[in-house]
Structures are given as C-alpha cells and as structure tokens.
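Reader: Before I rely on any label here, I would like each one set against its cut-off. Could you take me through them in turn?

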Amino acid sequence: AATSLVNSLRMLRLQKAVLATGMFSLFEALLQDKYGWEYPYSSLDQKLRELGRTDLADPIKDYNLSINVLKYGTGRSHAELMARKETLPFRISVPGHAFDEGDVSEIGILIDVDDRFVRRCAELIDQATAIIGT
C-alpha cells in the first residue's frame, strides 16, 4: 500500500481536494472584494434566494459546507451534511471509515472529492457568477 503508484494515486486525490477548496476560497475572496460582503457565502445564498434561484443556492450551500468539512473536518458543517448524506450528490464519511473498503489509494478526508465533485464546484461558481455578475 506504499508503492510509488499508490502514493501517486493518493497525491492525485489530494490535489483534487486542494483544487476544489481553492476554487471555493478564491470565489469567496472575489465576492468579499467585489461586494464587501462580510460573510460572502451567506450573502450569496440570500441574494440567490431573493432572485428565486434556490435551484442554485441549495447546491452551492451543500458544496460550501463540504469545503468547510475538507478544511476543518468534523463540526457543524459535517453534522449538517451527515444528516442529509443519502440525498447529497457527493459522498461524505465519518472519521476512520473508508469510502471504498480496500481502496489503498484513499486519503483520510471526509468528502470523496472525485472528478465529478471538482467539475461541479467549477460549474456552480460559473453559474453564480453569471447570475450575480461578478
């Protein structure tokens, strides 16, 4: 489980988590800078809901919570997502549990950040940007 190929797979998984976290963090900074929002994702959520775009506000909230879980581990965001884990478009876990038993390339994070997760993060940011004009 510690071969160079397995470690390379682990590094790729870690890079995906860093990429998703970075995208959401940079978007947060952009919102804060452009609009002066003290709590950018809360303000974005409110703005989207005012525009009747709950179809976008809800998934952005879920992905923002998932990014919080990637950054901080268990806590309020993790508990909120775990309560709805069966309905989420991504997989979430508890500490010490694997997503796929026997997959030696897994890394110890609580959100399964795969290619689809990363693409969805980018799509949500793109859609929100188009609607609010950042």
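Reader: What makes M11, L14 and V18 a nonpolar surface patch?

Author: In this predicted model, where local features need pLDDT of at least 70, side-chain atom pairs count only at pLDDT 80 or more and totals for chains, interfaces and linings use all residues, these three residues make a patch of about 270 Å². Residues are numbered from 1 along each chain, and side-chain values use heavy atoms, without hydrogens and water.

Reader: Why is M11 called partly exposed?

Author: Buried means under 20% relative accessible area and exposed over 50%, with partly exposed in between, so M11, at 44%, is partly exposed.

Reader: How do you know whether W37 is buried or exposed?

Author: Its relative accessible area is 17%, so W37 is buried, whereas Y35, at 29%, is partly exposed.

Reader: Why is the pair of Y35 and W37 called stacked?

Author: Rings pair if their centres lie within 6.5 Å, and planes under 30 degrees apart count as stacked, over 60 as edge-to-face and the rest as tilted. The centres of Y35 and W37 are 4.6 Å apart with planes at 15°, so this pair is stacked.

Reader: What makes the pair of Y63 and F90 edge-to-face?

Author: Their centres are 5.0 Å apart and their planes at 65°, so the pair is edge-to-face; both Y63 and F90 are buried.

Technical notes. Patches are made of residues with over 30% relative accessible area and no salt bridge: like charges are joined within 9 Å, nonpolar side chains (Val, Leu, Ile, Met, Phe, Trp, Tyr) within 5 Å. Accessible areas come from the Shrake-Rupley method with a 1.4 Å probe; for residues, only the protein chains shown count as cover. A salt bridge is a side-chain nitrogen of Lys or Arg within 4 Å of a carboxyl oxygen of Asp or Glu. Buried means under 20% relative accessible area, exposed over 50%, partly exposed in between (1.4 Å probe, protein chains only). Rings of Phe, Tyr and Trp (its six-membered ring) pair if their centres lie within 6.5 Å; planes under 30 degrees apart count as stacked, over 60 as edge-to-face and the rest as tilted.
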